[in-house]
Amino acid sequence: MKIEVIIPNYNGASLVKKNLPAVLSAVAHHKDCLVTIVDDASSDEDKIELSAYINQIKKESKIPVQLLGHEKNLGFSSNVDSAAFLSDADIIILLNTDVAPEKGFLEPLLSHFTDENVFGVACMDKSIEGNNTVLRGRGVAHWARGFLQHGRGEVDKVDTFWLSGGSCAIRTELFKKLGGLDPLYNPFYWEDIDLSYRAQKAGYKLIFDNRSVVEHRHEVGSIKKHYKKSSIQKVAYRNQFIFIWKNITDFSLLMSHIMWLPYHLIKAILRLDLLFLQGFFLACIRIPAIIVQRLYQRKFYKKTDKEVIFRNL
């Protein structure tokens with residue numbers, strides 16, 4: 001089984017230098033493996049530092065390492081897709097630059113792909129948050145007030161609602177078949193939930209395996225490092241709308257969203273929540289592109305929204 005580890009980078013050369021040795025160590029025993037760092041138009045300084053480091057690693061590592069890059073910053077979805085769609089591996093493993101896999105993380109992931117209906121497997125994420133370590137990686141979701149609400153699930157079960165784009169393994173053929181991560185969500189957030197949701201509606205399985213462990217230091221990642229908190233929240237609101245308008249096809253859920261929408265907008269106006277209103281507007285101007293994607297992906301669906309969202313209720 002051929003695998004490719006894809007590490008998207010944006011001004012994170014220092015993180016690559018810190019965590020790539022752990023990645024190479026974790027996959028060193030796998031005979032057919034490639035590690036790809038794909039740079040999303042980082043600063044000249046970061047590019048120089050990263051390139052010099054990768055050239056050094058190439059001389060020392062038994063695992064092939066390559067560096068790809070763009071001239072223009074595209075965003076997380078497009079950055080990952082640019083490497084994934086070039087891959088000839090059976091399985092792609094997505095790891096953020098601020099993620100360091102522990103030894104033995106690879107075998108549990110790969111063991112599930114003997115089942116051809118498995119789309120992907122999520123790792124257990126030891127999230128370092130201040131002085132606390134929170135176990136993440138298994139996602140849960142529910143429908144409330146016209147929106148899909150998602151959160152952290154307990155890590156003692158094997159089902160998951162989505163695969164985190166920062167630490168997971170995906171069958172490459174199915175990733176390409178479903179169109180990969182959607183650039184509509186650029187620069188970040190909701191793209192991994194969107195892909196996972198589409199995979200489930202297409203009838204494929206998602207698995208969470210707590211034996212596959214990675215350490216994730218979110219506070220040093222590129223999003224919080226390079227974007228203001230207000231900008232992050234605005235994008236999150238925008239992408240929450242995009243997800244609903246793009247993916248939800250069940251009539252009753254669509255009506256629920258439409259009926260609750262005035263409530264959410266009026267509430268935002270009364271609370272002077274300008275970020276919510278800006279997020280709504282930014283989603284509205286993307287409606288033509290949303291419709292195109294909505295029509296395209298319908299051909300893959302084998303399950304209804306209710307079958308996916310309420311499967312455990």
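Colleague: In this predicted model, why is Asn-11 called buried?

Modeller: Asn-11 has a relative accessible area of 13%, and buried means under 20%, so Asn-11 falls on the buried side of that cut-off. Asn-11 is found in the loop between β1 (3-9) and α1 (13-27), and its phi is positive, at about 50°, although Asn-11 is not a glycine.

Colleague: What makes Tyr-189 partly exposed?

Modeller: The relative accessibility of Tyr-189 is 31%; since buried means under 20% and exposed means over 50%, a value of 31% lies in between, and Tyr-189 therefore counts as partly exposed. Tyr-189 also has a positive phi, here about 80°, without being a glycine, and its place is in the loop between α5 and α6.

Colleague: Which residues does the cis peptide bond join, and what is its omega?

Modeller: The cis bond joins Asn-186 and Pro-187, with omega at about 10°, and Pro-187 is found in the loop between α5 (172-177) and α6 (191-201).

Colleague: Why is Val-118 called buried?

Modeller: Val-118 has a relative accessibility of 1%, and the cut-off for buried is under 20%, so Val-118 counts as buried. Val-118 is found in strand β6 (residues 118-129).

Colleague: What does Val-118 touch, leaving aside residues up to four places away in sequence?

Modeller: With that exclusion, Val-118 touches His-112, Phe-113, Arg-171, Leu-174, Lys-205 and Ile-207, where contact means heavy atoms within 4.5 Å. As for distance, Val-118 and Ala-199 are 81 residues apart in sequence, while their C-alpha atoms are 9.5 Å apart in space.

Colleague: How do you know that the end-to-end distance of helix α9 agrees with its number of residues?

Modeller: Helix α9 (residues 251-270) has 20 residues, and the expected span is 1.5 Å times one less than the number of residues, which means that α9 should span 28 Å; its end C-alpha atoms are 30 Å apart, and this agrees.

Colleague: Which residues of α9 are buried, and what do they pack against?

Modeller: The buried residues of α9 are Leu-253, Ser-256, His-257, Leu-261, His-264, Leu-265 and Ala-268. These buried residues pack against the strands β8 (139-144) and β9 (147-152), and also against the helices α8 (229-247), α10 (274-284) and α12 (305-309).

Technical notes
Residues are numbered from 1 along each chain as its sequence is written. This is a predicted model: local features need pLDDT of at least 70, side-chain atom pairs count only at pLDDT 80 or more; totals for chains, interfaces and linings use all residues. Side-chain values use heavy atoms; hydrogens and water are left out. Helices (H or I, at least four residues) and strands (E, at least two) are DSSP runs, numbered from the N terminus. Buried means under 20% relative accessible area, exposed over 50%, partly exposed in between (1.4 Å probe, protein chains only).
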